[in-house]
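Please look over the model shown here before reading on. The report that follows takes up a charge and a ring, then aromatic pairs, then a cavity.

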Amino acid sequence: MAAAKELQEEAICSICLDFFCAPVMLDCGHNFCQACISSYWAGAAARACPQCRDSLPGGVLRPNRPLGNIAEGLRRLGPAWGDEEPVQSELERLRREKGELEKQERKERWMCEDRLEKVKVERRKIVLEFKQLRQYLEEQECLLSSRLGELEEQIATRLKENAAKFSKQLIYLGGLIKEKERQLPGHQSLQDAGDVLSRCEREKSQPKEEMNYELKKEPGSCSENTPALEEMTRTHQDALTSDTGEGVEETWEQYTKVNITLDPDTAQPWLIISEDHRSVMQGATKQSQLNRPERFNPWTCVLGCEGFDSGRQCWEVEVAYGSCWAMGVALESVTRQGPNDMSPEGGIWAVGRYKEKFLALTSPSPTPVLQSTVPRRVRICLDHAGGQVMFVDVDSEATIFTFPQAMFGRERIHPWFWVGHETQLKMCL
């Protein structure tokens, strides 16, 4: 009986666990049903023996007809030839185990395919978002370039208009001055000094009486017309001063220096405020902060804790590092949720640096500041009653820009800061 059982086991395929049907022999010597080994190799990347795992590059299948005849004979003998119950039980167990493995394999394949599809969807989403972002940045660049081009045209037009206007006025006044100077006894205008010297060189032999003849006309006109001439000249100088925006120079010593601290409740979530509330920088990750109505979002801005509704105050700010920043003052009611107009129309008076350009944030478009070097330390001077905001380069003590007619009303004014990427601002003591 044991010999019959061993013979029966030799006639069973290790893949289907049934008697061989059209058995074939591999190069390694193991036998399998032709249909079983063909199906097994159909889903495999490389051909190998299912039993000993030997690689079979050629994949040659040699029919084993004697083994097939033996398997067919054992199949015809049926249960009477030997006790099949243990074999059948083992066969059922192996089939169940195979079924579980196939089920697990299908489940794993489904999970991998599902995750792969999700990765593809996420990749398409990221590509689309970055495409839209690049398009938005290009549009913003074109818009800003267009605005700067319009500003350049306006400045050029104003230069031409000023040149024409002042040239006419200067020529007119020059004529009046020459006319009055001809009436002065014994004097020549400074403007004609060069002509007098040249004339003296060319006409050394000319009698002095002839040269003085014209100067002695209308004696006494000096005392009568000089005050009127001085008044006319002074009026014209006042007009020139009014046109160019120059006046009595205002010094920062007239202001009270105050210490500024930053209000973390107003800081946009990407900003990092130091423990002493005296420096701010833009972080690489968003901070976990409460969503307050007074907090700026999405612009990376922050206000100073101190507010002013009267008097004259000044404070100093240092650009520790970075090339994207703006600083100035803002109304207490300035818009904080959503995009904000960083200009006097939006309640902000400031100067700043963006894309290697130093600008004053004026309305309706920014004004380039013609500064030889971008200041590293700025003094901000606020005159609430006078409606003036002045910015001074601390190192050179030169005035950077002045907002001369700021409309504050009776509202409190706070220090205001915008901090760009990789930039840090520090409040100076």
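## A charge over a ring

In this structure, which is a predicted model, the charged end of R312 sits over the ring of Y255, at 5.6 Å from the centre of that ring.

## Aromatic pairs

The count of aromatic pairs comes to six. One of them is formed by Y354 and W418, whose rings are edge-to-face, with 6.5 Å from centre to centre and 65 degrees between the planes. Because Y354 belongs to strand β10 (residues 348-354) and W418 to strand β16 (residues 413-419), this pair ties together parts that are 64 residues apart in sequence. Y354 is partly exposed, with a relative accessible area of 36%, whereas W418 is buried, its relative accessible area being 15%.

The rings of F401 and F403 also make a pair, and since their centres are 5.0 Å apart and their planes stand at 70 degrees, where over 60 counts as edge-to-face, the pair is edge-to-face. F403 is buried, with a relative accessible area of 6%. Together with F391, the residues F401 and F403 form one aromatic cluster.

## The cavity

How many cavities of 30 Å³ or more are counted in the model? The count comes to one, and the largest cavity holds about 40 Å³ of space.

The largest cavity is lined by F296, W299, C301, T335, R336, G338, N340 and M342.

Definitions and conventions. Residues numbered from 1 in each chain as written. Predicted model: local features only at pLDDT ≥ 70, side-chain atom pairs only at ≥ 80, totals over all residues. Heavy atoms only, no water. 1 Å grid on protein atoms, 1.4 Å probe; cavity = no way out; pocket = protein on both sides within 12 Å on 5 of 7 lines; lining within 4 Å. Points joined across faces, edges and corners; volume = space filled by probe spheres on them. Phe/Tyr/Trp six-rings, centres within 6.5 Å; stacked < 30°, edge-to-face > 60°. Helix = DSSP H or I, 4+ residues; strand = E, 2+ residues; numbered from the N terminus. Buried < 20%, exposed > 50% of the residue type's maximum accessible area, 1.4 Å probe, protein only. Lys NZ or Arg CZ within 6 Å of the ring centre and 35° of its normal.
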